[in-house]
Amino acid sequence: MEQYVIKGGIPLEGEVVIAGAKNAALGILAAAVMTDQEVKIENVPNVRDTRVLLQAIEGIGARVRYEDEHTVIICGGTIRPNSDLCVDDEFIRKIRASYYLLGALLGKYKHSQVALPGGCDIGARPIDLHIKGFEALGAKVDILNGMISTHADELIGNHIYMDVTSVGATINVMMAAVLAEGKTTIENAAKEPHIVDVANFLNSMGANIKGAGTDVIRIRGVRELHGTTYSIIPDQIEAGTFMMAAAATKGNILIKNVIPKHLEAITSKLLEIGARVIEYDDSVRVMCDKRLKSTNVKTLPYPGFPTDMQPQISVTLALSKGTSIVTESIFENRFKYVAELSRMGAKIRVEGNTAIIDGVETFAGAAIAAPDLRAGAALVIAALVADDYSTISDIKYIQRGYEKFEEKLQALGAHIEKVETEKDIQKFKLKIG
Ligand code: EPZ
């Protein structure tokens, strides 16, 4: 089984280039099937989740061609409208975002079938708001034998209020509405940068969406969508992860190909705890040469502090001077990494959706396991801090959302390798000494 072996204690220094945003790419790749014409998408991150979704898109009959590692051409014209348009269970069990095909296929073909979604185990992750939105547009939604099926004779625009701010439901309902009759308003819509990117992509295909990035999105249905060429925005969470790694390892990293505005909440917290952040047009430099200070963090929908950065800042605060409080307000079960981090010497107590963190000077190495995607990345940061050897198993979670993670860290001076066997680990230890 693949795992990382790490010898930490080295400040990360150098430059890293950020890939395209995974959570924008997943919505955009699904939306690409909403036209019969060719769609060319650039800056697609080469991660497991995007590769699995592209396999699912091929599985329903679309043509998928890679022009290069990060550029894919999709043609939905080869999809057979009268087929069952069923997204096979094997894909949805691997990635939750396969459910974006529910909205895309419903919007284009007025029917779709997708297995109930899986995804990182960070909470219940219901899809009631997706269903509420589809039904508001006139679709009939059934859940039977682990499959969600949608069908509509016609889709009519409507006024939809999201009880909870949901990224996935906002994107799914937006896709179902772009070809509906008349006007749709989505109230209490999610405002993340990836929502705006999906809306901009759909508009480049001829959709009529206004207000994406605010909490009210207005959509006027159009008759059909056409082909386009589109480049995905940089990944705000990959960028934030490397920003935290610079702070936690007391390093100095220039993080390139970012949109600084998308990183404001992360930058603000780093400045608050004593790191230095310099913003340029499309890059940020993060430096730290002293022990950081404690602070309090509460995860919120964008532009608040992102839940996908909660494990990474908790690791950084676990090294800070003083006591910090981290409140996870989005998901119910996103502190699973705390047990692993405690084995490295961190002092963290979890009470409900709050972690009370008493900072320690450093961590000890340990054999730990990645519980989910972002927690896995956070535990890599912790192992890079420990002036010791650590191993991290279940790195398949990390590979879902970080492209060439170990290569990028090696280029920053980290002693990290992907290994398979105990023998590989001994070889690594002999090499590093
Ligand atoms: C997306 O998940 C992201 N995944 C998550 O990133 C991210 O953590 C999350 O948005 C919040 O930003 C993708 O984009 C593929 P939500 P999603 O619907 O859409 C509740 C990562 O690490 N809710 O915004 O599933 C839900 O339970 C992943 O890249 C309902 O109640 O998140 C949660 O408490 C992890 N009913 C809250 O809304 C619904 O129908 C926010 O969830 C849908 C959601």
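How many bridges join strand 15 to strand 17? The legends below take this up, view by view.

This is a predicted model, in which local features need pLDDT of at least 70, side-chain atom pairs count only at pLDDT 80 or more, and totals for chains, interfaces and linings use all residues. Residues are numbered from 1 along each chain as its sequence is written, and side-chain values use heavy atoms, with hydrogens and water left out.

View 1. Five bridges join strand 15 to strand 17 (residues 283-287), and the two run antiparallel. Helices (H or I, at least four residues) and strands (E, at least two) are DSSP runs, numbered from the N terminus. Two strands pair if DSSP finds at least two bridges between them. Leu254 has Arg285 of strand 17 as its bridge partner. Strand 15 (residues 252-256) also pairs with strand 2 (residues 13-17), in the parallel sense and over five bridges. There, Gly14 is partnered by Ile253 of strand 15. In a regular strand the side chains alternate between the two faces of the sheet.

**View 2. Strand 9 with strand 7 and strand 8.** Strand 9 (residues 147-151) runs antiparallel to strand 7 (residues 111-115), joined by five bridges. Gln113 has Ser149 of strand 9 as its bridge partner. Strand 8 (residues 140-144) pairs with strand 9 as well, antiparallel and over five bridges. Here the bridge partner of Val141 is Thr150 in strand 9. Strand 8 and strand 9 form a hairpin with two residues between them, and Asn145 in the turn has a positive phi of about 50°.

**View 3. The hairpin of strand 20 and strand 21.** Strand 20 (residues 347-351) pairs with strand 21 (residues 354-358) through five bridges, in the antiparallel sense. Glu351 stands opposite Thr354 of strand 21. Two residues lie between the strands of this hairpin, and Gly352 takes a positive phi near 65°.

View 4. The ligand is surrounded by 25 residues, the closest being Asp128, Ser166, Val167, Asp308 and Ile330. A residue is near a molecule if one of its heavy atoms lies within 4 Å of it. A polar side-chain atom of Asp128 lies 2.7 Å from a ligand nitrogen atom. Tyr99 has a polar side-chain atom 3.4 Å from an oxygen atom of the ligand. For Arg374, a side-chain N or O atom is 2.8 Å from a ligand oxygen atom. Taken alone, the ligand exposes 830 Å², and the protein buries 91% of that. These areas come from the Shrake-Rupley method with a 1.4 Å probe.

**View 5. The shell around the ligand.** By class, the shell has twelve nonpolar, six polar and seven charged residues. Ala, Val, Leu, Ile, Met, Phe, Trp, Tyr, Cys and Pro count as nonpolar, Asp, Glu, Lys and Arg as charged, and the others, Gly among them, as polar.

**View 6. Backbone angles in two loops.** Most residues other than glycine have a negative phi, and most peptide bonds are trans. The bond from Tyr302 to Pro303 is cis, with omega near 10°. Pro303 sits in the loop between strand 18 (296-298) and helix 10 (310-317). Lys110 is not a glycine, yet has a positive phi of about 65°. Lys110 belongs to the loop between helix 4 (100-109) and strand 7.

Conventions:
A polar contact is a pair of N or O atoms within 3.5 Å; within protein, one must be able to donate a hydrogen and the other to accept it, and residues adjacent in sequence count only if both atoms are side-chain atoms.
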